[in-house]
Amino acid sequence: MVYTKKSPALFIIGIIMLSIWFMADSGILAPYIEHLGGKKYKYTAELLQIPLYFGILSVAIGLWQWFGNHTENHWDYYSSTVAGAMFILLIAMLVRWFVAPEIAVISTAMGKVGQTGSYIHKLLGLNYVVIGIVVGILVVNVFKVPEWARNGVRVSRLGLKTGVILLGTLYSAAELKNLGGLSIIMIGFFVLGSVGIVLWMGSRMKIPNSMGGVLSAGMGVCGVSATVAAAPVVQAKSVEIAYTIGTILLWGVGCMFAFPIIGNLLGMSHVQFGAWAGTGILNSAQVAGAALAFQPDGIETLKVAEIFNITRVLILPIIVLWLAVWYVKREESATQVNVGRVIFEKFPVFVLGFILLFALSTTGIFAPANHYKGKYFGNTTETGFKESKLLKADQKTLLQSEIASVQRDDRRTALQRLIDNGKVMSIGDDDTLRGLINAKVLSKDANSILKAAHKSVRHTAKMIKAFRQWITWLFAFGLVGLGMQITISSMKQAGGQPAVIGGVVGLLKATLSLVVVMMLVSETI
Amino acid sequence: MNDEQQEFERGSSLSIFGSDRKEDFMALIFALAIAFGVYVFT
């Protein structure tokens, strides 16, 4: 059959993209961009490039699809996906540039939530990922996917897989050495334990392997990235991914409010609460929200929670490998076959790509090896520090004059080292000085100096920034397409079991980690 | 039969490719091409 539809759809999509570019370039969109945040609006550069390139491409291919003669062959089959792919991309553009920022504006206007120091859209994880899936679900259930776009929707998983491979560049095994031993042991135990329990419960409750697999990654590791990374590994259906993300986010919201209350009732220390929140809460933003709600006047709790959270994310490659082997073995277990041969034949190759880029990232080829998501500490010229950022004499004098007001020894020592050397000397000092800034012990001017000193030793790697950009777009594309594969009937078919398993495992993890933290964690790690 | 189980003449409801391995290799090629591009041009 001939797959290419003689339709003006792709041409019209191209015209819409070019119109967006024209309105951004000519300034027609300027008042709206001002409303969305003005200088804080992050997407101006994207608006001036991406719709132009893809608009031209869509118009050119759209004209050919509309007026050309098409015959049955490979080219016809693969090129017929362009219309649907551009349809998804257009929706992803609208979500990322306009819908998500608009929701952020409304949420910001509503003010911060209690003591969490964060806005509701951040705490609920209402970013382009979640909104993209929801818009995709609305498109398919309210309007139905048009005939000309059907083939294109089937390339969304290819986009997700490409994004997952590139996700490997954001992490580095070298970062592990900066983490505490206890965090690695605790997180290792709870992550692997959660994954194992979900898989076990899943098989007991007879939910599909794909559902159990994707839910275990989401509940065990952390939020959306882990879910998206594990989904193709276990061949999860769209609705299973959506269920997992929904379960994680809802569970996280509950934890975020409950954890600080319990922490205060039990009189937990900052370190204890940070360790507990970093282990028991699933989503990074919600971990930070709970930590700040527990300790609004400093960042000791947040810092510990961050360490635990980072440790958890760094275990992701191990979980992906585990699930890949587990899934292949489970699916083939009905027939007596050579497990090694089955793994060789069925093991998802893109996982190896993910591990390859993770390994390359660890060597430091894209950024200094100790980076985490492209951010790294460097106080030498080789690692990006500029000599012009060294503290000036008058700044040193001001800090020296205020040092007596610093009560805590660790903060005073770190501050003295900063004064003596003119720059922050270690990651530890940097964290301590951030705590000092947050505690508001020093004058406003002194705090400004500390903030500048902190900024001068924290860098973002350009290459990783570019990778993040690619990953963002591939995920946005993949998840909008994924949403378009979720129908109401498929949601009914999946039932409520995933939420039940998620809730049980989440509660178990939170309770057990609380017990372990109270027994093993003292004030310092 | 739900939408995800719907049969297609070529590929499946989740992919335009005939096998997962083919899709994996395509994703790998795209990802490595992007990584190479980022490495060279950034």
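Reader: Where in chain A does Lys144(A) lie?

Author: Lys144(A) sits in the loop that joins α8 (128-143) to α9 (150-153) of chain A, helices being DSSP runs of H or I with at least four residues, and strands runs of E with at least two, numbered from the N terminus. The model is predicted, so local features need pLDDT of at least 70 and side-chain atom pairs count only at pLDDT 80 or more, while totals for chains, interfaces and linings use all residues. Residues are numbered from 1 along each chain as its sequence is written, and chains are lettered from A and ligands numbered from 1 in the order in which they are written.

Reader: Why does Lys144(A) count as exposed?

Author: A residue is exposed if 12 or fewer other C-beta atoms, placed from the backbone, lie within 10 Å of its own, buried if 20 or more do, and partly exposed in between. Lys144(A) has 12 C-beta neighbours inside 10 Å and therefore counts as exposed. Its phi is near 70 degrees, a positive value in a residue other than glycine.

Reader: What makes Lys206(A) exposed?

Author: Lys206(A) has 8 other C-beta atoms within 10 Å, and is therefore exposed. This lysine, Lys206(A), belongs to the loop between α11 (181-204) and α12 (209-220) of chain A, and its phi, near 60 degrees, is positive in a residue other than glycine.

Reader: How many residues of chain B are in contact with chain A?

Author: Contact requires C-beta atoms, placed from the backbone, to lie within 7 Å, and 25 residues of chain B are in contact with 29 residues of chain A.

Note on methods: Two residues are in contact if their C-beta atoms, placed from the backbone, lie within 7 Å.
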